[in-house]
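Colleague: I am new to reading structures of this kind, and I would like to go through one slowly. Could we take the features one at a time, with the general idea before the case?

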2 protein chains.
Amino acid sequence: MRVAGRAWRPIWLEADGRTVGIIDQTLLPHRFETATLSTMAAAAHAIRTMQVRGAPLIGATAAYGVALAMAGDPADAALDRALDVLAATRPTAVNLRWALDRMGRVLRPLAPAERTAAAYAEAAALVEEDVRANAAIGRHGLELVRGLAAARPGAPLRILTHCNAGWLATCDWGTALAPVYMAHDAGIPLHVWVDETRPRNQGAALTAWELLQHGVPHTVVADNAGGHLMQRGLVDLCIVGADRVTAAGDVANKIGTYLKALAARDSGVPFHVAVPSSTIDWTISDGIADIPIEERPAAEVTRVQGRTADGQVVSVQVTPDGSPAANPAFDVTPARLVDRLITEAGTCAATAEGLRALFPGRR
Amino acid sequence: MRVAGRAWRPIWLEADGRTVGIIDQTLLPHRFETATLSTMAAAAHAIRTMQVRGAPLIGATAAYGVALAMAGDPADAALDRALDVLAATRPTAVNLRWALDRMGRVLRPLAPAERTAAAYAEAAALVEEDVRANAAIGRHGLELVRGLAAARPGAPLRILTHCNAGWLATCDWGTALAPVYMAHDAGIPLHVWVDETRPRNQGAALTAWELLQHGVPHTVVADNAGGHLMQRGLVDLCIVGADRVTAAGDVANKIGTYLKALAARDSGVPFHVAVPSSTIDWTISDGIADIPIEERPAAEVTRVQGRTADGQVVSVQVTPDGSPAANPAFDVTPARLVDRLITEAGTCAATAEGLRALFPGRR
């Protein structure tokens, strides 16, 4: 997608064919800076500190992290260590494990001398597949948007989203925002309600910034506001992404998603979840029992990062000294609250039957 | 209640018998400072800028604002003007209108020369009634807390609250927190989940500070976390305050309350609302149709106030330049999602019948 008129992706192989470029998302929306990852440890650090975040982008960064490890040392022990270190960076997103399993499956049978080139090729293939999957999600989601927009001739369709499931969360296009971008580009009038998404403010910082760069009309609201907006008939549709979807359709996504799904159901607003199939964990069915929820540092709650009047990006404390904080980073929205899953293969009900029909080879 | 071991109320008549002291709540939890209101305009400004906030405290400040106006000019025109100016400061809390109606009723029949003394006496009476009402709310709420705590012998009762309905929101004790303080003082082990309450962070800034000063165990969480905590069985009870309750039991309270009520219902957690009867608007029944929702400045969403590493209290921008924000300050929780109303007269179901039985003289 475009930043100040120039095309960018959030991850790319540098011209040296070895190091990996990323947009440092911890500085947005205040500063647009890139960083270069030269080692597996740097890739793990970028995932852990959320310089890159979003389930699909975490998977892509981990794949390139394996390639960087192989470029340093392609022996079996180094491969095993890279897979272990990268797998431990974030516990909730299943794309991370999916990408690492795939890299391991491709690389283990090869002689060490062949592994580096194969790793870079596989990481690049994984990135391009993600871009294609997201574009397909965008096309399938566009049909849902088109149907709802037809019911509001002459008025913008009002979409609420939580966190950032835009192009910055993926290798391009985004998941939840792919239909938004495609609808906007197709001339369908839209307005996006952007949840701030405390504690890390990915909505206010990343989604608002993406939509602003692309010219999509939007308004930032506190996470608390979504229920009120839906109750007053000001939201036509919710679309969010996910970090893991069970084989039965339960959805782990950024903390607070479940509250918006409850409000959507209470007000009769459609609630859709956009995911590439790499986000589906076919090994589990019960999201509440089986998905580990990452507990992140309390400082993300007790402090807020922002820009001062003189342009510095600083972190300020919002709680009293001595008050502890808890920071569960994700929650699980039960499948019963999800209307449709939007995947690269089409849309389906958030049920085991719906998912099996769309992906007959998987189980 | 106590601050650093000394008893304080959030509003008091100064020793000169004319000016009014307040705790400036916009600086908490970082700085504890008081301010002196010498004119009606200063009282209106304190309400508008939220140096004082919370429905009962807004009412008390408005009552003293009328007294300050009378001290300056006790003529009919000045009385009418004071009632108008103060009524326009905040639209949602009904205590404001209730307090001003009461002051007008007492003062209008009097000769101007008698009005000043009568206004101060009435404002003081209103404050003392609020303190007594909140203490009674605390005692009635304590019985509910005791019942739930008995079901968890040896383990702390886990209470979630939203915004600040503590002593800082009232003339003393608080509404939602009055039962918490009384239970804590009675030796019932408690733990309070404190919603941050964006955009103004009254939970992180005020509720956490109050609980810390009083020694009540608590943990601050992002507003997004409550649904997850309830779903995982980590919340035994929700108690919130209100800015207006309709005669049918609909509850207008800080934006985000409705989302917590939905989550409580989905997980079977009791959801109680603590209010003095001055918060009940007997003239309306349909909260969604009839309660005006204050739209506050967008800057409260686009910026966050906090303390820098070197101790300065500053405001930082969290959104990109050019992204608009909306800031509805309250939402309406339908009566069907409220388990009990806790008032100074006892507890009742959130229904017209429940309220009528508790307040047979009102309609």
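Predicted model: local features only at pLDDT ≥ 70, side-chain atom pairs only at ≥ 80, totals over all residues.

Colleague: Which residues of H9(A) are buried?

Modeller: The buried ones are Thr257(A), Tyr258(A), Leu259(A), Lys260(A), Ala261(A), Leu262(A), Ala263(A) and Ala264(A). After H9(A) comes Gly268(A), which has a positive phi, near 70°.

Colleague: How should I read a salt bridge, and how many salt bridges does a search of the whole structure find?

Modeller: The general idea is that side chains of opposite charge can pair when their charged atoms come close. Over all chains, the search gives 44 salt bridges. One of them joins Arg244(A) to Asp281(A), with 2.7 Å between the closest N and O atoms. This pair links distant parts of the chain, since Arg244(A) belongs to strand S10 (residues 244–246) of chain A and Asp281(A) to strand S13 (residues 280–281) of chain A, 37 residues apart. Arg244(A) and Asp281(A) are both buried.

Colleague: Which residue does Asp281(B) meet in a salt bridge?

Modeller: In chain B, the side chain of Asp281(B) meets that of Arg97(B), at 3.4 Å from N to O. Arg97(B) counts as partly exposed because its relative accessibility is 37%, whereas Asp281(B), at 1%, counts as buried.

Colleague: What does Glu129(B) form with Arg102(B)?

Modeller: Glu129(B) and Arg102(B) form a salt bridge whose closest N and O atoms are 2.8 Å apart. Glu129(B) lies in helix H5 (residues 112–150) of chain B and Arg102(B) in helix H4 of chain B, so the pair ties together parts that are 27 residues apart in sequence. With 32% relative accessibility Glu129(B) counts as partly exposed, while Arg102(B), at 11%, counts as buried. Salt bridges can also be linked in a network, and in chain A such a network holds Arg90(A), Arg200(A), Glu294(A), Arg296(A) and Glu300(A).

Colleague: Is His272(B) buried or exposed?

Modeller: His272(B), which is found in strand S12 (residues 271–274) of chain B, has a relative accessibility of 6% and therefore counts as buried. Its side chain reaches the backbone nitrogen of Arg340(B) at 3.4 Å. Setting aside neighbours within four places in sequence, the residues in contact with His272(B) include Leu144(B), Val240(B) and Ile342(B).

Colleague: How should I read the relation between the two chains?

Modeller: In general, two copies of a chain are related by a rotation about an axis and a shift along it.

Colleague: What is the radius of gyration of chain A?

Modeller: Chain A, with its 12 helices and 18 strands, has a radius of gyration of 20 Å, close to the 21 Å that the globule rule gives for 363 residues, so it is as compact as a globular protein of that length. Buried residues make up 63% of the chain.

Definitions and conventions: Residues numbered from 1 in each chain as written. Chains lettered and ligands numbered in written order. Heavy atoms only, no water. Buried < 20%, exposed > 50% of the residue type's maximum accessible area, 1.4 Å probe, protein only. Helix = DSSP H or I, 4+ residues; strand = E, 2+ residues; numbered from the N terminus. Salt bridge = Lys/Arg side-chain N within 4 Å of Asp/Glu carboxyl O. Polar contact = N/O pair within 3.5 Å; in protein donor to acceptor, adjacent residues only side chain to side chain. Contact = heavy atoms within 4.5 Å. Rg over C-alpha atoms; globule rule 2.2 N^0.38 Å.
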